[in-house]
Amino acid sequence: VEAGAVTVDPQVLPNWFHEGVPSGQFESAPWRSKILADLKIRHSLETSTFEKYELAVEMASWVKTGECRCCLPGTAVYDDCILELEWVGSQAGCLDSGTLSVLTIDKAHTRAQLSLGEVVCVSSCSEPGNPRLAVHTLRSAATRTAPLRLQFCGDVDHDDWLANLTSVCCQMMGLEGSPKKGSIWITSRLGEVFSFDPSTFQTAQQRDGLYCH
C-alpha cells in the first residue's frame, strides 16, 4: 500500500462524488480501514530507522529590540529609532551570523544595518545625562570616520545593550574563555576591557588564505 494521487475520470465519477450518497458507508467500509492501517504500519517501518540520526540543519535565531536615539555616521542629529539585534546560530551554542539594524520608529524602513562580523569595537561614549554607545566597524576604523552612536534613556538600557553587543560579538569571534598565550589586554579609565587574541587572528588569516609562516 502506498499513498499517492488518484486520477479520476470526469466522465465516470465514483459514487462518493455524487450528492445524495451517504458518506458513512465509505468511512466504515472494511477496505478503507485496511488501507489506513497498512499506511500507518508502512510509515512506522520507514521512519523507525531514522530515529538515531541527528537533524541535518538545527538552527535557531534570537532577536532583541528596544527604543533609543541614533546618530548615523556622517550626521550630527540624534533621531528616535528602534534598535534590533539579531543573531543566528546552532542550538549547540555556536553563533554563525548576526546583524544590528536601526529601524524607523514605526519599523517601516531600515535606516542602517551592520553585520556583527564587521564590528571591531563597542564602547561607551556617554556624556553627563546622556548614556551613549559607539559601534565601530572595519570601515569607520579604516576611514577614521565617526561610528554609529546610540543614545539610551537610562543607564540600565545602556549597560544592557553594551553587555549584549559585547557578548554576541565575542562569541562570533571566538573570544571566550581563558585568554590564549600571547593575548594582550587593555583597560580604559572607564573600566572597559579591550583584548587582542593572536590565535583568533591567526585562525581568521588561515581561513582567508592570508597567513604565512
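Predicted model: local features only at pLDDT ≥ 70, side-chain atom pairs only at ≥ 80, totals over all residues.
1. Strands (E, at least two residues) and helices (H or I, at least four) are DSSP runs numbered from the N terminus.

2. Second largest pocket. This pocket holds about 210 Å³ of space. Its lining includes Pro 73, Leu 114, Glu 118, Arg 139 and Leu 148, while strand S6 (132-137) and helix H3 (138-143) are the elements giving two or more residues to that lining. By class, six lining residues are nonpolar, three polar and two charged. A pocket is an open set of points on a 1 Å grid over the protein atoms alone, where a 1.4 Å probe fits, with protein on both sides within 12 Å along at least five of seven lines; lining residues have an atom within 4 Å of a point.

3. Salt bridges. The structure contains six salt bridges (side-chain nitrogen of Lys or Arg within 4 Å of a carboxyl oxygen of Asp or Glu). One of them joins Arg 42 and Glu 46 at 2.8 Å, N to O. Because these two residues are four apart in helix H2 (residues 30-47), about one helical turn separates Arg 42 from Glu 46.

4. Backbone. Most residues other than glycine have a negative phi. Lys 107, in the loop between strand S3 (95-103) and strand S4 (110-115), has a positive phi near 60 degrees. Arg 144, in the loop between H3 and S7, has a positive phi of about 55 degrees.

5. Confidence and conventions. Mean pLDDT (the predictor's confidence in each residue, from 0 to 100) is 80 for the protein chain, with 78% of residues at 70 or more. Confidence is lowest in helix H1 (residues 24-27), at a mean of 56, and highest in strand S7 (residues 148-151), at 94. Local features need pLDDT of at least 70 and side-chain atom pairs 80 or more, whereas totals for chains, interfaces and linings use all residues. Residues are numbered from 1 along each chain as its sequence is written, and side-chain values use heavy atoms, leaving out hydrogens and water.

Terms used. Points joined across faces, edges and corners; volume = space filled by probe spheres on them. Nonpolar A, V, L, I, M, F, W, Y, C, P; charged D, E, K, R; others polar.
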